[in-house]
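Here are a few notes to read alongside the model.

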Amino acid sequence: MNLTRRDILKLAALGAVGSLIDAGPSLAGPNIGGVAADTGSDRVFICNEDSNTLTVINPYSNTVDSTINLTSFDEDPRPPFRFVTGGVVPTHAAMIHKPLYHGAISIHGAAPSPDSSLIATTGRGSSNVYLIDARTRSVIGSTANPQAGDKTSAQRLSSGILIGREPHEPTFTRNGKELWVTLRGENRIVILDVERALKQVGGKEAGAVRQYLDTLNGPAQVWFSTNGKLAFVISQKVSKVDVYHVNADRHGYSRPKLKTTLDLSAQDPFSFTPFQKTTPDGKEVWFSHKLADSVSAWEASGDHRVLSHVQLGKMARPNHVEFVENANGRAVYASLARVDDGGPGGVASSRIAIIDRSAPAGRRQVVSSFFTHGRESHGLWTNPEGTRLYVAHEQDELPGTPAEGQTVCSVFDVSDPFKPGFIAQIPIGNLDLPSGKLRNKKSINLIYVRPGARSQAG
């Protein structure tokens with residue numbers, strides 16, 4: 001029997017839950033650190049870079065709930081506006097060059113607001129940022145399409161907010177007042193006022209951009225310390241990390257001041273650090289060094305000393321890190337882009353490296369790894385209880401495999417962080433447009449959201 005948490009709550013009200021609680025695995029685990037109650041509204045959001053869509057997964061059934069459309073196709077019935085014209089489906093590379101296309105190009109980064117009510121996502125190629133309502137799964141600022149009908153879309157897509165060249169990752173400040181977006185094609189960060197941005201995505205100038213902050217070349221991502229007082233800025237062009245005092249004023253808006261610049265040349269001689277995240281206890285910040293095939297951990301406060309440098313193996317190519325912590329242990333997971341032969345069922349698959357974070361700082365190492373059931377693993381995120389892990393993949397599954405031709409998301413039971421159990425491989429399907437099916441493709445970022453609850457960025 002497959003019970004959702006909503007089913008269990010209903011059964012409990014009828015006094016029947018005691019006899020059925022062992023009938024199927026529960027999504028929830030031990031309440032670690034005051035985790036907010038699961039009300040049945042959790043969703044997983046996946047950025048699909050080639051299709052410019054966000055797949056929404058229902059974690060109670062591990063099926064695709066819906067697809068958020070960030071394209072502008074089929075808003076007008078005339079051929080130049082259509083996705084499929086004359087029965088011809090364009091390739092993913094060609095579709096954004098269709099005449100009069102005004103939608104997103106290369107959807108890539110995503111982050112939840114501290115209260116998990118908003119999702120920010122960036123269009124690398126369209127140089128903009130969109131805001132999404134996490135509860136309704138709708139693009140904020142989109143309007144009713146005056147040409148809506150059987151052959152057209154119901155809405156006209158918001159243009160988001162134009163912010164600068166190659167926006168890579170967005171991150172909300174810990175108080176939710178601002179959104180910082182790294183402009184990887186420039187040497188600066190754009191800082192937006194969230195309240196004004198919510199107005200400006202509707203198309204009317206509202207002064208959403210508070211300032212541009214000059215920083216190191218090729219900034220890839222900002223992440224804030226747990227107390228919100230420091231901002232760490234990594235780069236994919238130089239082996240350095242800028243650390244800023246956020247220096248918030250009495251209204252909670254930042255007045256950034258550079259604290260120090262860390263030298264990563266020993267850990268990242270190739271100058272390519274695309275991802276970072278602080279540990280749940282806030283004491284460490286971990287960096288992924290993709291071309292150096294390693295990850296490193298640094299103090300999140302004080303002098304920011306390097307604590308650990310962990311090698312992941314030749315051509316491992318780590319993308320994201322995630323912390324899996326519950327009553328059974330503390331581990332760091334690193335998604336590896338490398339695809340290995342001989343995966344489950346003889347199908348090629350990437351792996352996730354497992355690092356024991358309970359080991360002393362200078363002695364941490366990879367203790368094991370597991371296949372992801374997908375190719376080129378990228379985004380990672382756990383549920384708030386730290387018992388389920390979701391994994392996004394960049395490449396489609398190979399011909400002759402169960403999900404051939406599809407990009408997949410994988411789900412694991414990580415109740416024991418060192419013995420993950422495979423649950424499901426979820427083909428992420430299509431966006432059904434009036435003119436045809438747009439295949440969701442090339443998943444990058446993945447976030448698990450419990451609307452209204454404090455997020456990992458909170």
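Predicted model: local features only at pLDDT ≥ 70, side-chain atom pairs only at ≥ 80, totals over all residues.

1. Residues are numbered from 1 along each chain as its sequence is written, and side-chain values use heavy atoms, with hydrogens and water left out.

2. Find Lys277 in strand β19, residues 275–278 (strands are DSSP runs of E, at least two residues, numbered from the N terminus). Lys277 is buried, at 1% relative accessible area (buried means under 20%, with a 1.4 Å probe and protein chains only).

3. What does the side chain of Lys277 make polar contacts with? One partner is the side chain of Glu322, at 3.0 Å, and another is the side chain of Gln456, at 2.6 Å. (A polar contact here is a pair of N or O atoms within 3.5 Å, one able to donate a hydrogen and the other to accept it.)

4. Setting aside neighbours within four places in sequence, Lys277 is also in contact with residues including Trp223, Trp286, Phe323 and Trp381 (contact means heavy atoms within 4.5 Å).

5. Now the cavity: a search of the whole structure turns up 1 of 30 Å³ or more. The largest cavity has a volume of about 80 Å³. (On a 1 Å grid over the protein atoms alone, a cavity is a set of points where a 1.4 Å probe fits but cannot get out; lining residues have an atom within 4 Å of a point. The volume is the space filled by probe spheres set on the points.)

6. Of its 13 lining residues, those closest to the centre of the largest cavity are Ala110, Gln221, Phe275, Trp381 and Asn445.

Notes. Helix = DSSP H or I, 4+ residues; strand = E, 2+ residues; numbered from the N terminus. Buried < 20%, exposed > 50% of the residue type's maximum accessible area, 1.4 Å probe, protein only. 1 Å grid on protein atoms, 1.4 Å probe; cavity = no way out; pocket = protein on both sides within 12 Å on 5 of 7 lines; lining within 4 Å.
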